[in-house]
Amino acid sequence: MEPTMLLLLVLAAPITALAPAAGAAERTPTVVFILAGQSNMGGRGGATVGGKWDGYVPPECAPSPRTLRLSPALQWEEAREPLHAGVDVGNVLGVGPGMPFAHAVLRSNRLPKGSEVGLVPCAQGGTPIANWTRGTDLYDRMLTRARAAGTAKIAAMLWFQGETDTIKKEDALAYAGRMEAMVRDVRQDLAIPNLLVIQVGIATGQGKFVDLVRKAQLEVKLPNLKYVDAKGLPIANDFTHLTTQAQVRLGAMLADAYLAATLH
Ligand SMILES: *[C@@H]1O[C@H](CO)[C@@H](O)[C@H](O)[C@H]1NC(C)=O
């Protein structure tokens, strides 16, 4: 080969090697969390008045280069509020617990240096747990998204749901059994038999059986299932949704539960 030809090849190589990476600019997180449930997981903080979000993003919910989200099109991108945009469809979205959770986990310095948190929003407002049983659209969507995120990296599933199951007494009574089945199925289908699940005790309900669902949530008997109680956190004037500040606090509580569960 001519020396000039060789020189050209050497010069050209790095350019072609870098081109696809620079174009796609896709980063991948080191640790991944599934966020599922209904509206209080989807996030309505600041979005309960006048049919629109007030746009207020507290520092604990601000975008950060170390926090990614899996987009509706299954691509990693920098996460920002509203985190469930394009996922919790047909609803006015605001602040939820996901961003403050990620901030609190990163702040703890418990992850290896340089780690990036990946959030996989899957919540859908107004859905009873019957909409999340194996084979339903929401269950399948969650599994598709979790697999696209990379099951080897999934550290926990955060679950905040049950408000709709307070409407009918039979749903409230069936809640514990349905939750147990759902968690067992998710663990089996993702092949993560010991997947950590952090369940949020509901603070409000769309019906009158709130206490029955709360009791059922405490009766769920499964290994590696943690409980965080939202009751007592500030609720918006719609009597249903956590305020932005409440979501900031819930995010920190979820992070504490995650960190406590993974303390060695
Ligand atoms: C929830 O389940 C009901 C009854 O099967 C169904 O009609 C509805 O479309 C479901 N909603 C969602 C969001 O999956």
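**Exercise 1.** In this predicted model, find which residues have the most contacts inside the largest nonpolar core.

*Solution.* The largest nonpolar core has 60 residues. Those with the most contacts inside it are Ile34, Leu35, Ala36, Val120, Met157, Leu158 and Leu254. Helix α7 supplies the largest share of this core, eight residues. Next, take Leu254 and set aside its neighbours within four places in sequence: its contacts are then Pro97, Phe101, Leu158, Ile198 and Val228.

**Exercise 2.** Determine how many residues of helix α3 are buried, and what they pack against.

*Solution.* Helix α3 spans residues 98–107, and eight of its ten residues are buried. A residue counts as buried if 20 or more other C-beta atoms lie within 10 Å of its own. Those that pass are Gly98, Met99, Pro100, Phe101, Ala102, His103, Ala104 and Val105. They pack against the strands β1 (31–37), β2 (67–70), β4 (117–121) and β5 (154–160), and against helix α7 (244–261). Just after α3, Asn109 has a positive phi of about 60°.

**Exercise 3.** Work out the strand order of the open sheet and name its edge strands.

*Solution.* Seven strands are arranged as β3-β2-β4-β1-β5-β6-β7, with mixed pairing. The edges are β3 (76–78) and β7 (225–229), each of which pairs on one side only. Ignoring direction, neighbouring strands are turned by 25° against each other on average.

Terms used
Residues numbered from 1 in each chain as written. Predicted model: local features only at pLDDT ≥ 70, side-chain atom pairs only at ≥ 80, totals over all residues. Buried ≥ 20, exposed ≤ 12 C-beta atoms within 10 Å, placed from the backbone. Helix = DSSP H or I, 4+ residues; strand = E, 2+ residues; numbered from the N terminus. Contact = placed C-beta atoms within 7 Å. Core = buried A, V, L, I, M, F, W, Y, C linked by C-beta atoms within 7 Å. Pairing = 2+ DSSP bridges. Axes fitted to C-alpha atoms, helices over the stretch in contact; angles between N-to-C directions.
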